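Please look over the model below before you read my notes.

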Amino acid sequence: MSTDTIKSITNVFPVNRDALKSPSDSRRAASIIKEFSLNTSTHGIPGIARSESVHNRMFWSISLLIFTGIMIFFVTQSIRAYFEYPSQTSVAIVNEWPQAFPAVTICNYSPLRYDRFIEPFLNYTKTFNLLNITDIKNFTSKHALYIRDFLIYKLNQNESLDEYFYSLESMMMHCSFNNILCTAANFTWFISPQYGLCYTFNAKLKDSLNSPVKDSATYGGTGILEIRLYVHQHQYVPYFSNGIGVAALVHDNQLLPDMELTPMHLAPNRHHRLGYSKKTSYFLSSPYTSCSDKVNLGMQVMYNEYHDTEYGYKQTVCYAVCIQAYTYDKCGCGNPFRWTIRYIVSPGSDKWIRVLFCNMSDPCYVDASAELLNTRSIWTKYCPACQQECTYNEFIIRLTSVYAPPAYLMNDIKQFVESTDVPLPINWSTTWPSEIQLSYVSFEVAYETSRSEVYSQQPTISAVDVLSNVGGQTGLWIGISFLSLMEIAEMIYRLIRSQYHKFHGPIQKNTNEENSQL
């Protein structure tokens with residue numbers, strides 16, 4: 001209200017002139033704060049505002065400070081608990097039918113065929129004067145000491161070892177899936193340093209459009225793979241293997257088979273049943289875990305040795321690749337037990353390097369592996385991406401067996417053995433029944449249940465939980481809610497508006513006076 005207006009009113013009406021004047025800016029700001037304090041829903045502040053004595057005001061102020069401190073403590077704890085990213089695992093039973101039939105990998109327990117191996121091997125020992133033995137026809141334990149050296153020598157010369165191993169055609173008598181015959185063409189192959197040539201049925205292929213992964217209901221069946229094998233034990237190289245039979249593994253179609261780590265050994269003279277049930281594990285990605293599904297370049301190069309397959313990320317494979325890379329950088333050669341890793345990619349590089357394998361007697365590759373596994377700085381440089389898988393399928397196997405073969409199959413087996421390119425045992429015509437019992441291995445892989453166990457990692461505390469916890473703590477201790485925050489926002493707005501009028505009012509008045517003078 002202007003001064004002239006106040007004078008006019010006081011001349012007409014008997015009122016106090018000061019009562020008509022607008023309150024000062026400082027008094028107006030205090031009035032806004034006091035109005036907020038008396039009406040806010042936040043506990044404690046109204047008690048301070050309406051206190052009429054110092055003691056009462058101190059009581060409410062101290063109470064508010066104490067409970068605000070307690071509230072801040074519990075709110076901080078709630079937020080910290082969330083950023084620790086705790087998790088829990090839930091277990092569910094899922095009825096999955098049809099489900100993808102797993103991949104099945106098989107290898108002869110002993111990798112080498114004596115008839116094809118012995119002559120090149122003896123020539124090797126003679127060339128390098130490794131054995132001072134004149135009788136080269138009798139294979140002794142001293143010969144066996146140099147078998148792996150011979151194989152590494154051939155690999156370093158970039159020569160194929162396939163001719164020394166057992167072909168699938170020479171071993172597999174019968175194969176059927178859901179009662180439909182399968183052949184060697186339905187298998188992919190790779191070389192294992194322990195078992196030689198191995199063969200995988202139903203692996204995920206690069207040409208998945210024309211060769212999709214088979215499921216349990218393919219061909220209208222219930223998911224049974226039956227294979228009969230003859231391992232030709234009479235051709236086993238002496239002192240190189242400590243048993244007779246087949247190495248087999250049931251595994252995920254998209255994962256490389258770890259034949260050196262987790263195979264099952266199937267003995268001859270039996271028909272084995274591998275009944276499986278499926279278990280799937282899901283892990284949360286970052287920041288809850290450091291899991292990974294990314295196939296790095298080193299793994300991609302390695303997978304080229306697994307012909308036509310399209311395998312995904314696997315932690316053990318990542319370990320093997322980075323260990324081989326460090327072994328090469330330290331020793332100038334690769335681990336001789338990692339035949340499938342013939343090319344490495346050094347850290348920070350995108351180029352492939354072909355490696356030669358170390359001699360078996362060279363201790364450097366052993367020391368390099370130990371140094372990498374026990375030195376954090378080296379591990380961080382070479383294996384930073386080797387984390388657990390985010391998704392992992394595994395198959396729980398229940399193994400049973402019965403004696404085999406039955407009598408009615410004996411002649412069929414005899415005819416098959418005689419039709420292969422593997423030389424027959426001495427006195428085969430009289431000893432063939434006992435020879436068959438020593439070399440015949442039969443097995444079937446069948447699903448036992450359509451129920452799959454699913455283990456899922458889930459956050460223990462979600463963002464909604466944090467918001468609820470914070471709201472509960474603030475409401476419990478000092479009564480703050482979102483509406484309380486809006487009250488504070490309103491008070492701040494009114495204070496800003498008051499300050500705006502405080503400074504803008506005189507400027508506007510001076511402007512109006514200047515305009516009137518003009």
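What volume does the second largest pocket have?

1. The second largest pocket has a volume of about 420 Å³. A pocket is an open set of points on a 1 Å grid over the protein atoms alone, where a 1.4 Å probe fits, with protein on both sides within 12 Å along at least five of seven lines. The volume is the space filled by probe spheres set on the points.

2. This is a predicted model, where local features need pLDDT of at least 70, side-chain atom pairs count only at pLDDT 80 or more, and totals for linings use all residues. Residues are numbered from 1 along each chain, and side-chain values use heavy atoms, without hydrogens or water.

3. The second largest pocket is lined by 23 residues, each with an atom within 4 Å of a point. Closest to its centre are Asp258, Glu260, Leu261, Phe337 and Arg338. By class, the lining has 15 nonpolar, four polar and four charged residues.

4. Strand 5 (187-192) and helix 10 (315-331) each give two or more residues to this lining. Helix 10 gives the most, with five. Helices (H or I, at least four residues) and strands (E, at least two) are DSSP runs.

5. Two strands pair if DSSP finds at least two bridges between them.

6. Strand 2 (residues 103-108) and strand 6 (residues 196-201) pair over four bridges. There, isoleucine 106 has tyrosine 199 of strand 6 as its bridge partner.

Definitions and conventions:
Nonpolar A, V, L, I, M, F, W, Y, C, P; charged D, E, K, R; others polar.
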